[in-house]
Amino acid sequence: QVQLVESGGGLVQAGDSLRLSCAASGLRFEVYAMGWFRQTPGKEREFVAGTSGAAKYYGDSVKDRFTIYRDDAKNMVFLQMNSLNPEDTALYYCAVDNMRHYTDYQSYIYWGQGTQVTVSS
């Protein structure tokens with residue numbers, strides 16, 4: 001059974017940094033691309049970042065501020081978020097990308113429960 005567990009969210013002030021973690025189990029982690037999405041109430045799920053390891057992709061709104069990386073030995077993927085602003089407030093999900101389409105949420109087959117990030121102004 002595949003499980004993805006996110007952690008690291010919280011309440012921070014504008015300009016602060018956070019690092020989100022996602023621990024995966026029940027799959028051959030190293031063969032899959034991984035991604036982060038976020039969602040706020042009433043809005044569609046938004047692509048944040050995706051990686052296969054060597055390749056990394058970012059949503060336009062987070063480029064140059066967020067960094068995705070993974071540790072295949074620990075079956076984990078991380079999202080380092082810098083220069084946070086209130087528009088980054090959302091529930092952040094990590095997910096397993098089966099097709100390596102990265103930005104397309106339909107490419108993802110397993111999802112975590114999410115971790116809340118709230119950025120105050």
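Mentor: Before we start, one cut-off: a residue is buried under 20% relative accessible area, exposed over 50%, and partly exposed in between. And keep in mind that this is a predicted model.

Trainee: Where is S83 found, by the way?
Mentor: S83 is in the loop between β8 (76-81) and β9 (90-97). It isn't a glycine, yet S83 has a positive phi of about 50 degrees.

Trainee: And what about phi of Y102?
Mentor: Y102 also isn't a glycine, and its phi is positive, near 55 degrees. You'll find Y102 in the loop between β9 and β10 (108-111).

Trainee: Is Y102 buried or exposed?
Mentor: Y102 has 8% relative accessibility, so it counts as buried.

Trainee: Switching topic: which residues have the most contacts inside the largest nonpolar core?
Mentor: Those are W36, V48, F66, V77, L79, M81 and Y92, in a core of 25 residues. The elements giving two or more residues to this core are β3 (18-25), β4 (33-39), β5 (46-51), β7 (66-71), β8, β9 and β11 (115-120). There's also a second, separate core of six residues, and Y102 is in that one, along with F47, A95 and Y108 among others.

Trainee: Back to M81. What is M81 in contact with?
Mentor: Leaving aside neighbours within four places in sequence, M81 is in contact with D16, S17, L18, L20, R65, F66, Y92 and V117. F66 is also the bridge partner of M81, which sits in β8.

Trainee: How many bridges join β7 to β8?
Mentor: Six, and the two strands run antiparallel.

Trainee: What is the order of the strands in the open sheet?
Mentor: The four strands go β1-β3-β8-β7, with antiparallel pairing. β1 (3-7) and β7 each have a single partner strand, so they stand at the edges, with one side left without a neighbour in the sheet. On average, neighbouring strands here are turned by 15 degrees against each other, direction ignored.

Trainee: Which residues are on the covered face of β1?
Mentor: L4 and E6 are on the covered face, while Q3, V5 and S7 are on the uncovered one. S7 has S21 in β3 as its bridge partner.

Trainee: How many bridges do β1 and β3 pair over?
Mentor: Five, again in the antiparallel sense.

Notes: Residues numbered from 1 in each chain as written. Predicted model: local features only at pLDDT ≥ 70, side-chain atom pairs only at ≥ 80, totals over all residues. Heavy atoms only, no water. Buried < 20%, exposed > 50% of the residue type's maximum accessible area, 1.4 Å probe, protein only. Core = buried A, V, L, I, M, F, W, Y, C linked by side-chain atoms within 4.5 Å. Contact = heavy atoms within 4.5 Å. Pairing = 2+ DSSP bridges. Axes fitted to C-alpha atoms, helices over the stretch in contact; angles between N-to-C directions.
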